[in-house]
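Here is a short tour of a multi-chain model, written for someone who likes to check the backbone first. Please keep the viewer open as you read.

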Amino acid sequence: MQLLVNALIAGSLAALIAGGLAVVYGVLGVFNLALGQLALIGGYTTWWLYQVLHLPLGLSIILGLACGALVTWVTFEIAVRPFFKHHRFLPLVTTIAWSMILDGLILLVFEERPRSILPGLKHIYEFSGIRISLEQGLLILATLVILLSFAYVFHRTSLGRRIRAVVQHEHAALSLGVPAGLLHGFLFVLSGVFAAAGGIFIGIDQSLTPTLAFPLTIKAYAAIIAGGKGNLWGAILFAYVIALLEQLLVGVHWFGAFYVPAGYQQTVALLFIIVILLIKPAGFFGNSSRTA
Amino acid sequence: MTFLLHVIAITAMSAPHILGYNLILGKGKILHFGPLGTSIIASYVTFLVTMTFSNYFLGLLAGLVAVVAVSSLFAWISFRMEPDGFGVMSIAMHLSFLAVVLNWHSVTRGALGIPRVPRFPFLETPADFALFAVVIVVLWIAFLWVLDRGSYGRKLAALSEQEWQAKSLGIDRRTVHWVAFVVVGLGALLTNIQFHQYIFLVHPNDFNFAYLIFMIMVVVAGKPGSIFGCVLSLILLSFLREGIRFLPLDADVLGPLRLIIFGVILLGVVYWRRDVLFPKPRSI
Amino acid sequence: MKRLLACTSFLAVALTACQPANSDVIKIGFIGPLTGDAAAYGVDTLNGVQLKVEEINASGGIDGKKIQLVPEDSKCNGSDAATATQKLTGVDHVVAIVGGSCSSETLAAAPIVEATKTPLMSPLSSSPDLTEAGEYVFRDYPSDALKTKAMAAYFKAEGFTNVAVITENTDFAQGFRQSLAKDFGTFVFDEVVEPGTKDFRSLVTRLKSAEFDVFVANGQSPATISAMVVQLREQGLTQLAITHDAGQAEETITIGGDGVENLQAINVPSLGEETAFGKNLVEKHGKPRGAIAFAGHAYDAVGVLAQAIDEVGTDGAAIQKYLNDLTSYKGVVGDFSFDDNGDVVGINYKLIEVQDGKWVELRDAPVQ
């Protein structure tokens, strides 16, 4: 049971990032490989505001998210907008370039040190054999709240309908007066805010190091590809599934005979995508059709 | 003088792989981000077999077989997927190979790497290596040139522009793409055999992402698909990378600065090359 | 524009490749990972080196000549280390090199320094492969053998028979694990995780049902080590936790908070931040990013090389002979000398513990 709780914690961290990314991928068709760095920036800014400037935690978090949004907007203007209309795959390379620039900047400003937003032992609650800390519980709840509110907006409001229209067919939406260009920017920034939230959670629960950006990005992509292109809920579901697999893989005494070496824990995500993609190349919930 | 020879040697050694990669990414427009995965297999298989049996020929043969197998694996996967899916998948495979190497200690010595790799008996000084590497590169370029200018090059370009139309003209996508992957594999083999014996070491840290990004940069900067453009950009970027060491800056500023400079260069170069790298598909 | 830049750097490389040696200064080179995953240790070792160089220069230099430090970034991989070493020997004509930090760097640099007869002293590489790397390769960082002997002796003295280990899959931590296995015996729980992992929850869940007396946090950096210990405590496990010199850092306490209270470590003595060396380091270069031990070893590496140059001059072969014959050097990490292979001997270990948020030395941890 503890394993399930562990999976919930780890999955929540990944789900937000994966969700934001899925939206961007579904609408714009672009990969944003600078996402890990955006998460880090959200986390580091919050750390700085909270631990260095000693602002209250809530304010630090909000400002951290705002900072993440700002940098994401800059990312969009520099690395995505001039390119994605030209060809879908160009932002793949430009976001890699931008992520290098961000990496360099993060190193210069925050140095090569681990930072934790809430250091030390957390308050642990124990019930029916499961141990979980207050912060972790709050994180899981916060993630669920954010996801649910996004779901509500997406499916029940007119803004959500407009977004879905753009996802389905951009030109048709444009002809109906939906401001597709604005929505593109909005969605991109939203994905950045989600990523920043994920980064803040990691900073609270574990610690931030400049090099954790890339594995995060890869795991988020694993979730998206498995979930199917453009399918937001598929991506989030698979983020949790991957987290569960990772925890189970190492935690369970398989067939009562052996334990999987922990070194392969991260590889799970990767092998998982490989298997899914071989069985269902368009992802679990996508449609399989190859266009010229 | 030795330093210059060393830089020439390293640049020439890395050329075969990057030139092969140029064929697949630049000309074929196939989003293959796993060439380092092929490198890992090439290096480890070749050198493990060589050192176990103390026989270079056996090692090279094993390496060749392994490389063709891995390239075929990549090719097969690329046939099953959409291009973006394959891009992410190839990264996943590269990371998986790396994880296997790191964890299978009994065979690969894991994170400790394989030190004191034997060299070819006729190669000793950096000058020897530089000369040998340049000779190999020239031969490889000649091979790629023939491939490029012949019908194969035309078929690959046709597939990258309009895939279904090309197929309807009788061009077999599977064969043409498979050959492209194998070419990358052979390039990887050539590069890695030379490189690891030169620095006497096979170590997992040599196969990380920074190098993939360098490869992408070289291919994008020199006109993607053009062999000579790629060679030129390789020479310039390699010298730039080593030349930055000579800047009189504080050491812990230099590192992040290098990242930023290369990021800016890559961004600028993609902007400049955006028409050639991924051309707007022409519709009727 | 890019081509112009590249052309000028090409010319720069070519021109500086043929530089005459400047005889007014003594050049000492440094290679280490200043960027990348291992940058924390690289920067710390560089700071230790810089501290000693500044000290020596402030008191007149060696025989009146100042030391000029030439640092190079080797990014913790062999190819960059090889290029960096080639530059230092071929272009800068350094008298000696301090480095690398990662064992792969030192291994790649070894053949080059052997060929150019330049003494190399590594302040941090612990791989057992380095023992036979060459005659010009020294290290003032003990091969894992010494550290693990001290830890194994401690376990035996306390009567610990069941040991649980979680190792980060880097050459440093893996070398430690294999050496400890040789000195102690089998572990009751032995897992290796990917470098940079911070989520040990499932492994700790498994530990709950395992029977063990002591837990060894065999990580590569304070972040991972404190994560291991904190998550262990969060799950209610109260057994003793112990780590090595990579964990004895301020950062471990900053991140771990109460979670790392009573965490022990085996490390060389007198390297806390309250000592003269520590205070000096923090004042000039800020708090160490990794552990202060790394700066300490680097500091001593420069010290012993400077002493050698002072005694026998700048000839590589002479320095090498001096180092081999040296009977003892008093450094901040201890009183040491080198054996026939260039490995250091004589470093003592102490048992240290976190008490009330500070690292406190308890007692000696003899190697037996």
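## Backbone details worth a look

G100(C) sits in the loop that links β3 (96–98) to α4 in chain C; helices (H or I, at least four residues) and strands (E, at least two) are DSSP runs, numbered from the N terminus. The peptide bond between G99(C) and G100(C) is cis, with omega about -15°.

This is a predicted model, in which local features need pLDDT of at least 70 and side-chain atom pairs count only at pLDDT 80 or more, while totals for chains, interfaces and linings use all residues. Residues are numbered from 1 along each chain as its sequence is written, and chains are lettered from A and ligands numbered from 1 in the order in which they are written.

C76(C) is not a glycine, yet its phi is positive, at about 60°. You will find C76(C) in the loop between β2 (66–73) and α3 (78–91) of chain C. C76(C) is buried, since 28 other C-beta atoms lie within 10 Å; buried calls for 20 or more other C-beta atoms within 10 Å of a residue's own, exposed for 12 or fewer, and partly exposed is in between, with C-beta atoms placed from the backbone.

In chain B, F200(B) also has a positive phi, near 65°, and is a residue other than glycine. The loop that holds F200(B) runs between α9 (173–198) and β2 (201–202) of chain B. F200(B) counts as buried because it has 21 C-beta neighbours inside 10 Å.

## Chain C as a whole

Chain C contains 12 helices and 15 strands. Its radius of gyration, 21 Å, is close to the 21 Å that the globule rule gives for 368 residues, so chain C is as compact as a globular protein of that length. The radius is taken over C-alpha atoms, and the rule is 2.2 Å times the number of residues to the power 0.38.

The C-alpha trace of chain C spans about 65 × 55 × 40 Å along its principal axes, and 62% of the 368 residues count as buried. Of the contacts in chain C between residues at least 6 apart in sequence, 68% join residues at least 24 apart; a contact means C-beta atoms, placed from the backbone, within 7 Å.

## Two domains in chain C

Chain C splits into domain 1 (2–142 + 275–345) and domain 2 (144–271 + 349–364), with bounds from an automatic or database domain assignment. Their C-alpha centres are 29 Å apart.

Where they meet, 21 residues of domain 1 contact 19 residues of domain 2. On the domain 1 side, the elements giving two or more residues are α4 (103–116) and α11 (292–312) of chain C. The largest share of that side, three residues, comes from α11(C). Its residues divide into 10 nonpolar, nine polar and two charged, where Ala, Val, Leu, Ile, Met, Phe, Trp, Tyr, Cys and Pro count as nonpolar, Asp, Glu, Lys and Arg as charged, and the others, Gly among them, as polar.

Chain B has 13 helices and two strands. Its radius of gyration is 19 Å, which agrees with the value near 19 Å for a compact globule of 284 residues. Buried residues make up 58% of chain B.

How values were computed: Contact = placed C-beta atoms within 7 Å.
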